[in-house]
Amino acid sequence: MQAPTMDPAEEPPSMLWGLDPIFSAFARLYVRDILQMTEYTQVPGIYFYNSHPIYKVDVLGTVVYQREREDFFCYGVDDGTGVINCLCWKNDLFKEEENSSKSAVKPSDGGFNPVSELKKLRQAQQSRCRLEIGELLRVRGPIAWMMEVPQLYRQCYDKPLQLQPTATGESAVSSIGKATNIIKDFFKQKSVSRFRPYDVQDLLQPLIPRQPQTAPADQEPVAGPSACQQLRQLLKEALKILQDEGIVYRKVKSQDELYHVTAQDKDLLIAVKDIIREDCKREKYAEKGCHILHILSAVRQRYSLNVSRAALELVLKSLECNSDVVSTSDSHYTVF
């Protein structure tokens, strides 16, 4: 998530931070307050709570989900006010033992194999390092890692590299990127829940290059798309990208081009939450929860055929941040 920034006029000078005893301590705060703290505009990783400078916190809560990466464990910790992602980095020794445990062990001629027994001991130690859902966990660490690293993995590291076109294609790609950002900013500033293309078309007008009124005398005029045609094409491509990302969708495809903003569509959020709640009562999904493809199929049957997986993932992310649902394992969700 992106933390709100603080007005520079209200920020206490950095030379006075040391006078606040909270600054040098692990602040024990509710998760809800940690997620709502404002970030210092000049020094990333420093946050303020009621003008107190804070950069490391102490959290106590229940593990509600867990994932394992190559370099770290990621745990979702719920203290009753909200859920925050916490990372536990694997040291080099742990990773070496983890890799060595995967190698085969030759049985010894005798009954006792010290190498095998040592590896069993290491495996037992590793298993104790892995926390399970429902366990109580106390975490200390910088706020920035807790809030930003999981978001970086979702938005950057976990996505394949897409090489951008060069030369003549750079201008078009730049315009489309700017157009999508302009529309996204419009959604945030106005809290838009639904719109039609003509509601945002004029916002993209500054991206269309001005065309000369007359051609030079020694040059024949070149036929090409008009400014209006370029604007409509740019809007069409920007809306397609927003649909592919799941940011917008059309509940009903008709001549009336009405788009819904996924994050602001309360009816969609309620529908997804109700589907998970009802289906998790069934024995088949009671233990592990509902898989995202099952949820997607149910949403398309009961709400709208045009909801994409990308849009559903944004909805599930929002519900998970509000502690309405929780991911029990990869791509499986249930309710509290």
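## Aromatic cluster

Ring pairs link Trp-17, Phe-23, Tyr-40, Phe-48 and Tyr-55 into a cluster. Rings of Phe, Tyr and Trp (its six-membered ring) pair if their centres lie within 6.5 Å; planes under 30 degrees apart count as stacked, over 60 as edge-to-face and the rest as tilted. The model is predicted: local features need pLDDT of at least 70, side-chain atom pairs count only at pLDDT 80 or more, and totals for chains, interfaces and linings use all residues. Residues are numbered from 1 along each chain as its sequence is written, and side-chain values use heavy atoms, with hydrogens and water left out.

Across the whole structure, a search finds 10 aromatic pairs. Trp-17 and Phe-23 make a tilted one, with 5.7 Å centre to centre and 50° between the planes. Trp-17 and Tyr-40 pair edge-to-face, at 5.0 Å centre to centre and 80° between the planes. Trp-17 sits in the segment before β1 (27–28) and Tyr-40 in the loop between β2 and β3, so this pair ties together parts that are 23 residues apart in sequence. Strands (E, at least two residues) and helices (H or I, at least four) are DSSP runs, numbered from the N terminus.

Buried means under 20% relative accessible area, exposed over 50%, and partly exposed in between (1.4 Å probe, protein chains only).

## Sheet β2-β3-β4

Three strands form an open, antiparallel sheet in the order β2-β3-β4. β2 (38–39) and β4 (52–54) are the edge strands, each with a single partner, so one side of each is left without a neighbour in the sheet. β2 and β3 (residues 47–49) pair over 2 bridges. Two strands pair if DSSP finds at least two bridges between them. The bridge partner of Glu-39 is Tyr-47 in β3.

## Sheet β9-β11-β10

Another open sheet has 3 strands in the order β9-β11-β10, with antiparallel pairing. Its edges are β9 (194–195) and β10 (248–249); each has a single partner strand, so one side of each lacks a neighbour in the sheet. β10 pairs with β11 (residues 259–261) over 2 bridges. Tyr-249 has His-260 of β11 as its bridge partner.

## Helix α8

Helix α8 spans residues 266–279, 14 residues in all. From first C-alpha to last, α8 reaches 20 Å, close to the 20 Å expected at 1.5 Å a residue. The expected span is 1.5 Å times one less than the number of residues.

Which residues of α8 are buried? They are Leu-268, Leu-269, Ala-271, Val-272, Ile-275, Ile-276 and Asp-279. Seen down the axis of α8, these buried residues fall within an arc of 165°, so they line one face of the helix. The arc is that of the directions from the helix axis to the C-beta atoms. An α-helix has 3.6 residues a turn, so residues three or four places apart point the same way.

At the start of α8, a side-chain oxygen of Asp-265 comes to within 3.2 Å of the backbone nitrogen of Asp-267.

## Strands β12, β13 and β14

β14 (residues 332–335) pairs with β12 (residues 290–291) in the antiparallel sense over 2 bridges. Here His-291 stands opposite His-332. β14 also pairs with β13 (residues 325–329), again antiparallel, over 4 bridges. In this pairing the bridge partner of Val-325 is Val-335.

β13 and β14 form a hairpin with 2 residues between them. Ser-331, in the turn, has a positive phi of about 70°.

## Cysteines

How many disulfides does the structure hold? The count is 0, where a disulfide is a pair of cysteine sulfur atoms within 2.5 Å. For Cys-290, the nearest cysteine sulfur is that of Cys-280, 3.8 Å away. Cys-290 is buried at 0% relative accessibility. Cys-321, at 47%, counts as partly exposed.

Phe-72 lies in strand β6 (residues 72–78) and is buried, at 3% relative accessibility. The C-alpha atoms of Phe-72 and Lys-90 are 5.1 Å apart, with 18 residues separating the two along the chain.

Leu-204 is in the loop between α6 (197–201) and α7 (227–244). Its relative accessibility is 0%, so Leu-204 counts as buried. Leu-204 and Ile-183 lie 21 residues apart in sequence and 8.4 Å apart in space, C-alpha to C-alpha.

Key: A polar contact is a pair of N or O atoms within 3.5 Å; within protein, one must be able to donate a hydrogen and the other to accept it, and residues adjacent in sequence count only if both atoms are side-chain atoms.
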